[in-house]
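Open the model in your viewer and keep the selection tool at hand. The tour goes from one selection to the next and says what is found at each stop.

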Amino acid sequence: MTTPQVADPSADLTADVVVLGLGVAGESVATQLARAGVDVLGIEAGLVGGECPYWGCIPSKMMLRAAHLLTEAGRVPRFAGQARVSPDWAPVARRIREEATTDWDDTVAVQRYVGEGGRFLRGRGRILGPRHVEVPGTGVVEARRALVITTGTEAAVPPIPGLADTPYWTNREAIETEAVPATLAVLGAGAIGCELGQVFARFGSEVTLLDAADRPIPMEEPAAGRLLADALRADGITLRLGDGVDRVDHVEGRFRVETAGGKVEAERLLIATGRRPRIDAQAWAALGLEGRPGALPVDDRLRVTDGVWAAGDIAGQGGFTHVATYHADIVAREILGREGPAADHRALPRVTFTEPEVGAVGLTEEQARARGLDVAVGSADVAATSRGWIHGAGNAGLIKLVVDRSTDELVGATSAGPAGGEILGALAVAVHGRVPASTLEQMIWAYPTFHRGIQDALRDLRS
């Protein structure tokens with residue numbers, strides 16, 4: 001979808017700082033520099049703001065909010081009286097178009113950035129070197145002082161025979177849809193696949209979730225994956241796990257997915273098999289990097305090479321918006337010559353916003369052991385806590401703590417359940433602050449909150 005050119009970069013194709021890509025990270029870096037009086041030129045081919053506000057975090061959580069409301073309303077007869085609910089996708093699609101994305105128009109975002117003093121150029125930049133970016137139809141832009149690369153990621157589509165010739169969905173088409181498909185096959189049981197799969201299932205779609213892994217969200221704790229698998233099945237989702245896809249065809253308006261375990265047919269196919277960095281071999285070589293292109297290698301100040309920084313998804317760390325803004329602050333400080341801490345990704349928090357929410361921070365038990373740590377673990381069943389019992393239906397969850405025995409410090413934690421993402425806040429502070437388990441044991445935990453499950457996990461840790 002085209003968007004208006006609302007800012008004129010003028011004939012001057014030089015700037016103190018050039019920011020290539022104005023997604024969450026790039027827009028933040030460029031805005032901070034512009035506010036500080038730096039001559040900064042931002043280049044963006046797509047929408048200013050990037051994936052998160054238009055096809056990611058914000059609209060997807062609107063969808064999830066609506067889907068979870070349907071399920072909660074369905075629990076009213078058991079707890080509070082009578083209620084009858086019928087799903088309607090129209091309010092969801094309307095809210096995404098009108099409130100979240102302004103029908104995928106970034107005019108306001110561009111005006112906001114330019115209003116801060118930044119210059120803007122619409123175009124797809126091609127990196128020629130550490131100081132030069134070519135924009136077809138405009139010319140070669142020179143960065144006198146610094147180049148910041150924030151080009152983000154795009155949906156990674158696997159090379160499955162036949163797939164490229166089909167009208168499959170990625171997260172973008174799923175977010176933009178104005179109708180719920182009667183049947184949906186989802187390839188990929190990571191956060192995106194599980195979230196969107198649950199949304200469409202709760203709005204009446206017959207969903208099949210496929211993944212070669214043996215459980216959903218395979219990068220997280222196995223217990224969390226099993227918990228989520230049970231919840232997805234309870235929503236009527238068919239799980240085809242541990243089963244690779246051999247071929248995909250689209251015949252007479254239907255997808256046919258061939259696997260070793262049999263055939264899956266659906267009206268729509270959503271590809272949710274991860275993300276890949278937006279950088280090609282030419283740009284990689286122009287920066288003097290060796291090997292195959294991927295996430296840009298950065299130091300703890302997010303510097304790629306002399307005068308070149310990277311932030312957000314393109315610098316790795318999993319593609320989380322909070323990481324993008326965290327990176328942006330560091331890069332802006334570095335360019336402005338201001339003091340501040342280096343990047344520290346030990347306490348990287350992440351949340352899958354399904355029901356149950358699955359939050360995690362730091363290392364899983366498997367990851368900690370792979371790093372040679374001698375760890376102790378403690379777990380609690382959220383449903384068995386006082387608050388879980390009070391909550392009733394929808395109370396499935398767990399809390400798991402991973403502690404380094406040599407220091408007694410919390411190095412990782414998982415919090416799944418009705419408030420899994422919110423409980424994660426306390427655990428993220430503990431991991432980031434290297435808080436010993438013994439200190440957490442001395443705390444007074446408010447009763448009867450879900451947070452008290454952390455105390456139960458600590459008791460299990462010491463048992």
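Is Ala 266 buried or exposed? Select Ala 266: its relative accessibility is 2%, so Ala 266 counts as buried. Here buried means under 20% relative accessible area, exposed means over 50%, and partly exposed lies in between, with a 1.4 Å probe and protein chains only.

Before going on, note that this is a predicted model, in which local features need pLDDT of at least 70 and side-chain atom pairs count only at pLDDT 80 or more, while totals for chains, interfaces and linings use all residues. Residues are numbered from 1 along each chain as its sequence is written, and side-chain values use heavy atoms, with hydrogens and water left out.

**The whole protein**

The protein has 16 helices and 22 strands. Helices (H or I, at least four residues) and strands (E, at least two) are DSSP runs, numbered from the N terminus. The C-alpha trace spans about 65 × 60 × 45 Å along the principal axes. The radius of gyration is 24 Å, which agrees with the value near 23 Å that a compact globule of 463 residues would have. That radius is taken over C-alpha atoms, and the globule rule is 2.2 Å times the number of residues to the power 0.38. Of the 463 residues, 51% are buried.

**The sheet S11-S12-S13**

Go back to Ala 266, which lies in strand S13. Now select 245-251, 254-259 and 262-266. What is the order of the strands in this open sheet? The order is S11-S12-S13, and the pairing is antiparallel. Strand S11 (245-251) and strand S13 (262-266) are the edges; each has a single partner strand, so one side of each has no neighbour in the sheet. From one strand to the next the twist averages 20°. For this angle, axes are lines fitted to C-alpha atoms, and angles run from 0 to 180 degrees between N-to-C directions.

Two strands count as paired if DSSP finds at least two bridges between them. S11 and strand S12 (residues 254-259) are joined by six bridges. To see one of them, select His 250 and its bridge partner in S12, Phe 255.

Next select Glu 252, in the loop between S11 and S12. Phi of Glu 252 is near 50°, a positive value in a residue other than glycine. Most residues other than glycine have a negative phi, and most peptide bonds are trans. With 80% relative accessibility, Glu 252 counts as exposed.

**A hairpin elsewhere in the chain**

Strand S4 (residues 126-129) and strand S5 (residues 132-135) run antiparallel and are joined by three bridges. They form a hairpin with two residues between them. Gly 129 has His 132 in S5 as its bridge partner.

Select Asp 103, in the loop between helix H5 (90-100) and helix H6 (107-115). Asp 103 is not a glycine, yet its phi is positive, at about 55°. Its relative accessibility is 36%, so Asp 103 counts as partly exposed.

Then look at two peptide bonds.

- Glu 355 and Pro 356 are joined by a cis peptide bond, with omega about 5°. Pro 356 is in the loop between strand S18 (349-352) and strand S19 (357-362).
- The bond from Tyr 447 to Pro 448 is also cis, with omega near -5°. Pro 448 is in the loop between helix H15 (437-441) and helix H16 (452-462).

**A pocket**

Select Arg 65, His 68, Thr 354, Glu 357 and Pro 418. These lie nearest the centre of the second largest pocket, which is lined by 15 residues. A pocket is an open set of points on a 1 Å grid over the protein atoms alone, with protein on both sides within 12 Å along at least five of seven lines; lining residues have an atom within 4 Å of a point. The volume of this pocket is about 350 Å³. Which helix gives the most to the lining? Helix H3 (residues 57-74) does, with six residues.

Conventions:
On a 1 Å grid over the protein atoms alone, a cavity is a set of points where a 1.4 Å probe fits but cannot get out, and a pocket is an open set with protein on both sides within 12 Å along at least five of seven lines; lining residues have an atom within 4 Å of a point. Grid points are joined across faces, edges and corners, and a volume is the space filled by probe spheres set on the points.
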